[in-house]
Structures are given as structure tokens and as C-alpha cells.
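Subject: Structure handover

Hello,

Please find the structure below. My notes on it follow.

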Amino acid sequence: MQERCCCSKESTGSIPIMRIIDKLDALYAKNDMAEAGRVLEYWEKEARALNDRRGLSEILSEEIGYYRSTGDKQKGLRAVDDALNLLNCTDIGDSVANATIYLNCATTMKAFGKTAEALPYYEKARDVYERLLPEDDFRLAGYYNNYATAMGELKRFGEARENYEKAISLLKNKGVFGELAVTYVNLAQLAYDEAQESGGECDDEVDKLLELAYACLDENGLERNGSYANICRKCATAFEFFGYFMQKSELEARAKEIYDSAK
């Protein structure tokens, strides 16, 4: 791993991180991933030139998620390495922001086949989240969901179920239906994987969980925006896997309509 951290140098300025995030959000709402990638690459170079460590950390975290979503393993793991190097010399105390970067790194490592190596970073994130965040904080649900998926990949099914149930309870109480739909879909996939491993039955559980997920996506109060479109696309893949082709087509159509209207 190449060491690229430059913490010993003095900062000579900072990048406009909030404006950059707003720009990225607008591009994601249009599903313009190519332009989002160009924006990230440009501002990474600027942050490095200015030795803006905080800005660089934010950009690397965004890149980690971006390359995970686009499936670019080489660039994704490079961004993970750079972010961890940076945290190595700047993470001197408890920080929810840094814990989020650790979680983002772990999730991308898992996505690119490094689940076992990601576990220490999941643990770093959990330690800070569970100590510093309120018990009903939405970010905890994100943690439980991501960690459960990792446990499922490692065939630690009991731990995976426990964490999915924590996420479901929190999201229900908060009324966060989009992410709740994703959690139900994830749990359906876990039930299937566990049944495949044990030779058991899972059809009834899977059907129930997919029905719950679809009902969440039909909630009247759920805003039909770029985030909703992304969730629809994620869930559509699972519905297709389980043979729910009408629901898959409907969710893809919803996502397309949202993205097209944003262009």
C-alpha cells in the first residue's frame, strides 16, 4: 500500500466541501455518475494541492461510496487505503465523522471481497456510534444494516439477524420507510442464504419480507426523489432474484421516471 498521507505539511487553504456535496447530490439525483466521478477527481487533486486534510478526508469518503456504487474495485480500494492512511495520523480522539469514514471503508472493502479484513473498521465505527450517538439515531440503523450484511457473507447468520432486527426496530420507530424497505430485502436475502446453507425452508419468510418491503415503498408520505429512485433500483434487483418480476419492473420504472424528470 502506497503511503500518500501528507500530515506533516501545513495547510495552505481549503476546498468548499459543502458546495461540492450539494453539487454531487444534484448529480446523483439525475443519475449522472460520470460527471460525479469527474467532480470527485478534480476536488481530490485540489485538496491534495492545498494540503486540506479535512477536505481530503471528506472527498475520499465520498469517493469510497462512489466507486463502490460503480463497481470500480481498483479505485475504490485505493480510496479506502488513502482514507485509512489519513485517519492514521489525524484520528486522535472520538469522532462520529471519522467513525462514519471507518464504516464507509469497511463497507467498500466488503463489497470488493475483503470482508474479513474489514471487521476491525466495523468495530471502530460501532464503538464510537454506540457510545456517542442517541439510541434512535438514523446512523445506527445504517451501521446495523451494513454490519449484518458482512456477517451474512461470513455465514454468521445469528449475528446478521440480530443486527437486521436492530435496524428494523429503529427505522420503524423513526418512520424511515425507504431504508426500512432495503432492510427487509436484505433480511430476505439472508433467510435465503441461511436456508441454502442448512437445507431448510425459507419461502414463507422471504415472501412476507418482500411484501413488507414493497409496502414500505408504497408509503404515501415517502418523497419520490433521487434517494427513493436509488432505493427502488436496489430493491428491484432483489425482487427479480426472487421471481417478483412485476414488482421489479414497476420499481425500475419509478426510478427511471424520477431520474428522467431531474435531467
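**Cysteines**

The sulfur of Cys216 lies 9.0 Å from that of Cys235, which holds the closest cysteine sulfur, and this is too far for a bond. A disulfide is counted here when two cysteine sulfur atoms are within 2.5 Å. The search of the whole structure returns zero disulfides. Cys216 is buried at a relative accessible area of 6%, and Cys105 is also buried, at 0%. For these labels, buried stands for under 20% relative accessible area, exposed for over 50%, and partly exposed for what falls in between (1.4 Å probe, protein chains only).

Before the rest, a note on the source: this is a predicted model, in which local features need pLDDT of at least 70 and side-chain atom pairs count only at pLDDT 80 or more, while totals for chains, interfaces and linings use all residues. Residues are numbered from 1 along each chain as its sequence is written, and side-chain values use heavy atoms, with hydrogens and water left out.

**Fold and overall dimensions**

The protein chain has 12 helices and zero strands. Helices (H or I, at least four residues) and strands (E, at least two) are DSSP runs, numbered from the N terminus. The radius of gyration is 19 Å, close to the 18 Å from the globule rule for 263 residues, so the protein chain is as compact as a globular protein of that length. That radius is taken over C-alpha atoms, and the rule is 2.2 Å times the number of residues to the power 0.38. The C-alpha trace spans about 60 × 40 × 35 Å along its principal axes.

Of the 263 residues, 44% count as buried. Taking contacts (heavy atoms within 4.5 Å) between residues at least 6 apart in sequence, 62% join residues at least 24 apart.

**Two loop asparagines**

Which residue has a positive phi of about 60° although it is not a glycine? That is Asn31, located in the loop between helix 1 (17-29) and helix 2 (33-50). Asn31 is partly exposed, with a relative accessible area of 28%.

Asn51 has a positive phi of about 50° and is not a glycine either. Asn51 sits in the loop between helix 2 and helix 3 (53-70). At 5% relative accessibility, Asn51 is buried.

Regards
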